[in-house]
Amino acid sequence: MAIDCLVLGAGQEVGKSCVVVSIGGKRIMFDCGMHMGYHDHRRYPDFSLISQSGDFTSAITCIIITHFHLDHVGALPYFTEVCGYNGPIYMTYPTKALAPFMLEDYRKVMVDRRGEQELFTSDDIMECMKKVIPVDLKQTVKVDSELQIRAYYAGHVLGAAMFYAKVGESAMVYTGDYNMTPDRHLGAAQIDRLQLDLLITESTYATTVRDSKYAREREFIKAVHKCVAGGGKVLIPTFALGRAQELCIILDDYWERMNLKVPIYFSAGLTIQANVYYKMLIGWTSQKIKSTYATRNAFDFKHVCSFDRSLINAPGPCVLFATPGMISGGFSLEVFKHWAPSEMNLVTLPGYCVAGTVGHKLMSGKPTRIDIDKGTKIDVRCQIHQLSFSPHTDGRGIMDLVRFLSPKHVILVHGEKPKMALLKGKIHSELGIKCYDPANNETVQVPSTQTLKVNVTKPFVKKQFSEISTHTNGKLECKSTEAWDEKKILSLLQIRDERVAEAILLMEKSKKARVMKEDELLPNLGLKEHKIELGYCFPISVQISSTRFQSNASDTTSWLHELFLKVTIEDEFNSVQEYSDHLKIGSFHACLCPKERCPLRNDELKEGKPAIYVCCTWSLNDEKLAQRVIAFMKGLELGIS
């Protein structure tokens, strides 16, 4: 039995996470994201690889979405409402609440502002969300009679979850994005120690080992304060959900302590709406946020207010959080065009930026000019400050998770190819776990465990453990089987025994499998034994007169005894047994044939020669023995004195 993993997205790249896993006859799609760096067909996963007929509902058992970021959920309305998938979709309660806002904001930016073709409508988003089944953390959900799934806290963003899936004895975990260290508003990822055949983990920061979060916070505050103190404006491109809240908590706390009056702005719209949900879903945040909730809500920022477009060119310093985080379009790009030419201003990039975005170009070096499109070029004179405030775990965190779970196999996704290759080698060399880093549209097959629980009959147990009684000081002591009772027999099954036991495995439909002795099989099935036997009837000549032969022909005992004496002389025929009406060697039986026309008779002696006929039967496994015995008997000549 094997687990097949078709990587439709995030294979040796960051973007459009989508992995289709076939496990135990079930097919699960983990995440259904879009690529933020493309605006052509490469934006979405190639769904035709799932089903060429387009019947995705039959091809996919269920979809699992790990969190609300567009590179994990951005293609979902297209897949359900345009491609026609109508099966179950699972995600946590916060993800179901916040994903529609992310999707609608993206749709507005792409269609209303950029004038691109609409791939899905607002109604499509709402219809898609109706198909979603929300789940709680550590809630075991039975998708059907065989497939069960369970969500675990992943940190990263509000509602993000790792998902465990099990079919029979085959089990796996898909992490999505996660963070192994706590921050200001979210806790660290938490998962049980599980027996896994496969772990599919993100590897965004595969080779990075970060400084302490306190050092990163100090660096961030210092850079922002220095800029505004000099009269500059700070642009912080960030995703509306997650890093915006984290960095606002840090700045709001610092502004309060330092009594600063410089305004901090949210870009209007999505971020403010998101904060409402953050206040409602306080139970999914860190322990510190929850413990202070009784006195104040940490997301009620004293020094943060809404931003109006008319303030873009307003004089004086300010700090602005604007979406999207990679400056791939939207309001953050609009503000960047205005603020980038000034040396007084600062652009702080707090997280990972996908190749092809303005954010990635800024992080790749200090550019003096950036081409936005064919007709738009921007002079870049502002300060660029890159911070490692990403909500992804670093290389050390990935290794810690793999070491903790100790799966049989690991597949790396959601990372850059060279860094993934280094991490792959490290996992294999340090942990001894086979690791893979497939590209997009590649399939990886890994073996899975299949354990069958069976009942064992008492006769079989007694046969296999007839001499074992107790296990003392690593040595086995022997006692008689007669002294055993049932409890003793069962206790001995805990002893590790390397011997091979031969038995019959009986698997009946709708019944539990049983292991039994060979001679128990037919009675358990209610059948009689049926043996396949071979037969042959042949003559043996006798040396007596015709008259005397007629008088002695019916004396089967005498003829049989003389035949027995002749056969036992031959050394190669061991254990010849004589009975009143037949001779026996193994399964070979020979008797005097009383029939005038025996159906097994082929050979006839020449007319006038006296002979007796011997009828033989034997089983298939004694075929060679039978041939030797018959050849020997046919060469005999019997005579009765």
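This note walks through the predicted model point by point.

1. **Basis.** The model is predicted; local features need pLDDT of at least 70, side-chain atom pairs count only at pLDDT 80 or more, and totals for chains, interfaces and linings use all residues. Residues are numbered from 1 along each chain as its sequence is written, and side-chain values use heavy atoms, with hydrogens and water left out.

2. **Confidence.** The predictor's confidence in each residue is its pLDDT, from 0 to 100. The chain has a mean pLDDT of 85. A value of 70 or more is reached by 88% of its residues. Residues 467-484 are the stretch to treat with care: their pLDDT is below 50. Beyond near neighbours in sequence, this stretch has 30 contacts in the model, a contact being heavy atoms within 4.5 Å. Where pLDDT is low, the predicted coordinates should not be read in detail.

3. **Overall make-up.** The chain holds 19 helices and 33 strands. Both are DSSP runs numbered from the N terminus: helices are H or I, at least four residues, and strands are E, at least two. Of the 641 residues, 50% count as buried. Buried means under 20% relative accessible area, exposed means over 50%, and partly exposed lies in between (1.4 Å probe, protein chains only). Among contacts between residues at least 6 apart in sequence, 70% join residues at least 24 apart.

4. **Nonpolar cores.** A nonpolar core is a set of buried Ala, Val, Leu, Ile, Met, Phe, Trp, Tyr and Cys residues joined through side-chain atoms within 4.5 Å. The largest one has 130 residues. Those with the most contacts inside it are M29, I50, L76, F220, V319 and F336. Helix α7 (residues 243-258) gives the largest share of this core, eight residues. Another core, of 30 residues, lies apart from it; C5, M172, Y174 and V444 are among its members.

5. **Around M29.** Leaving out residues up to four places away in sequence, M29 touches C18, V19, V20, F47, I50, I60, C62, I63, I64 and F79. C62 counts as buried because its relative accessibility is 0%.

6. **Cysteines.** C32 is buried, with a relative accessible area of 0%.

7. **Six-stranded sheet.** This open sheet runs in the order β29-β30-β31-β32-β28-β33, with mixed pairing. Two strands pair if DSSP finds at least two bridges between them. The edge strands are β29 (577-578) and β33 (637-638), each pairing on one side only. Helix α18 (residues 556-569) packs on the sheet, and its direction makes about 140° with that of β31. Helix α19 (residues 623-634) also packs there, touching β28, β30, β31 and β32; its direction makes about 15° with that of β28. For such angles, axes are lines fitted to C-alpha atoms, for helices over the stretch in contact, and values run from 0 to 180 degrees between N-to-C directions.

8. **Pairing within that sheet.** β28 is mostly covered, with seven of its 10 residues buried. Nine bridges join β28 to β32 in antiparallel fashion; L534 has W618 as its bridge partner in β32. Two bridges join β28 to β33, and these strands run parallel. There V542 is partnered by L638 of β33. β31 (residues 588-592) and β32 (residues 611-619) are antiparallel and share four bridges. A590 is bridged to C616 in β32.

9. **Three-stranded sheet.** A further open sheet has the order β23-β27-β26, with mixed pairing. β23 (455-456) and β26 (504-506) each have a single partner strand, so one side of each is left without a neighbour in the sheet. β23 pairs with β27 (residues 514-516) in the parallel sense over two bridges. V456 has V515 as its bridge partner in β27.

10. **Helix α12.** Which residues of helix α12 (residues 395-405) are buried? They include G395, G397, I398, M399, L401, V402 and L405. The buried residues of α12 pack against β9 (161-167), β11 (198-202), β20 (409-413) and α13 (417-431). Just after α12, S406 takes a positive phi of about 45°.

11. **V461.** This residue is found in helix α14 (residues 458-464). V461 counts as buried because its relative accessibility is 5%. V461 and M516 are 55 residues apart along the chain, with their C-alpha atoms separated by 8.4 Å.
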